[in-house]
Amino acid sequence: VKLVCSDCNQTYSADPRIWRCTHCGAWLDFRAVPFRRETVEARDQTLWRYRAMIPLPPNAPIVTLGEGGTPLVDAELDGHRVYFKLEFLAPTGSFKDRGTTVLVSALKAAGVTHAADDSSGNAGASFAAYAARAGIAATLFVPSYASPAKLAQIAVYGATLVKVDGPRENATLAAEEATRDAGLVYATHAWSPFTLQGTKTIAYEIAEQLAWRAPDVFIAPIGQGTLLLGAQRGFAELLDAGLISKLPRLIGVQSVGCAPIAEGFQRGLTRAVPIDKKHTIAEGISIAKPVRAAQILRALRATGGTVVTVTDDAILEARASLARRGLFVEPTSATVVAALKQIEVSGIVVAALTGSGLKSATS
Ligand SMILES: [Zn+2]
């Protein structure tokens, strides 16, 4: 199994230590994996029921905390039925665990003993937990403004926490610099092709939960876009296998304060637009330069989707509206409901609720 550069087509072995093309700097991806329904392990309720579609070496140790298998719960929203995929019930409280279980399993299989990542919080907490599970030392570079609850979670798992002042991007630069030193692997969730091989399982699960149908609409917040891109990949593999008859429209949500993908989409561009980022309570999607921006824009357009931007006030209102339906999520996750109040959608709508309200508990 090989990784392919998205730009110059250079191929690489599937090694989690290679996080981007060394020739041109673009991101790498696995080729599509044929989905074979007969290989689904019916008794396994975790995402590893789809092991045959996850490109790890046959003898790779699986580093798992029981992730995946999240409920799909419907609720009425302004007279429309919406199915919520409760990703916040994951082992560390966010959807990130889907990507992390695959990435850390790959690191373990490659014999990595110390790895670093940068994160606004949820990916860091997820990485810290799975690294602990694997016996891999973890160093996390985080913006110093991240939620205290997320920073505490990372520290409690035993990871080394490096707080970096300034915008989110400074944490990325610090991680890249520190990992140029040999011995510390840059296990970047945003760049890693292994991440998408985990997040794609959300599409498999949704299709199974809808009795092998695709929803008409799938809506998720976009920061680095790893959930949306994973979903697109998963649905595309199901379509290739003839198990669903169409791709859902993919709808991404960004905060008005940080909307590089929305800007690029509206202007008809193939890349994100450099933006002047403002503060937003949706800290999980406060990403000014998503590394896979071009790929996200392509995915949105290819499915007839769009990007919606929402204000902090609308996010808080949406969070309260979800909570009154028994669903307590962090502000970043509530963006999907704020977005659904702004646009017309029809048919089967699935919205990902990505992160737990306990991560940023304020009333
Ligand atoms: Zn390349």
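Me: Which residues coordinate the zinc ion here?
Reply: In this predicted model, the zinc ion is held by the SG atoms of Cys5, Cys8, Cys21 and Cys24, at 2.2 to 2.3 Å.

Me: And what's the arrangement of the four donor atoms?
Reply: Tetrahedral, because the angles they subtend around the zinc ion run from 101 to 119°. The cut-off asks for all angles between 85 and 135 degrees.

Me: What spacing do the donors follow along the chain?
Reply: They go C-x2-C-x12-C-x2-C. Cys8 and Cys21 link distant parts of the chain, 13 residues apart. Cys8 sits in the loop between strand S1 (2-5) and strand S2 (11-13), while Cys21 is in the loop between S2 and strand S3 (28-30).

Me: OK, Cys21: buried or exposed?
Reply: Buried, with a relative accessible area of 3%.

Me: And where does Cys8 land, what's its relative accessible area?
Reply: 36%, so Cys8 is partly exposed. Buried would need under 20%, and exposed over 50%.

Me: Switching to the sheet. What's the strand order?
Reply: S2-S1-S3, in an open sheet of three strands with antiparallel pairing. S2 and S3 are the edge strands, each pairing on one side only.

Me: How much twist is there from one strand to the next?
Reply: The average is 35°.

Me: How many bridges do S1 and S2 pair over?
Reply: Three, in the antiparallel sense.

Me: Which residue in S2 does Leu3 stand opposite?
Reply: That's Tyr12.

Methods. Residues are numbered from 1 along each chain as its sequence is written. This is a predicted model: local features need pLDDT of at least 70, side-chain atom pairs count only at pLDDT 80 or more; totals for chains, interfaces and linings use all residues. Side-chain values use heavy atoms; hydrogens and water are left out. Donors are N, O and S atoms within 2.8 Å of the metal (3.2 Å for Na, K and Ca); water is not among the atoms, so sites may look incomplete. Four donors count as tetrahedral if all angles lie between 85 and 135 degrees; four count as square planar and six as octahedral if opposite donors are over 155 degrees apart and all others between 65 and 115; anything else is irregular. Helices (H or I, at least four residues) and strands (E, at least two) are DSSP runs, numbered from the N terminus. Buried means under 20% relative accessible area, exposed over 50%, partly exposed in between (1.4 Å probe, protein chains only). Two strands pair if DSSP finds at least two bridges between them. Axes are lines fitted to C-alpha atoms, for helices over the stretch in contact, and angles run from 0 to 180 degrees between N-to-C directions.
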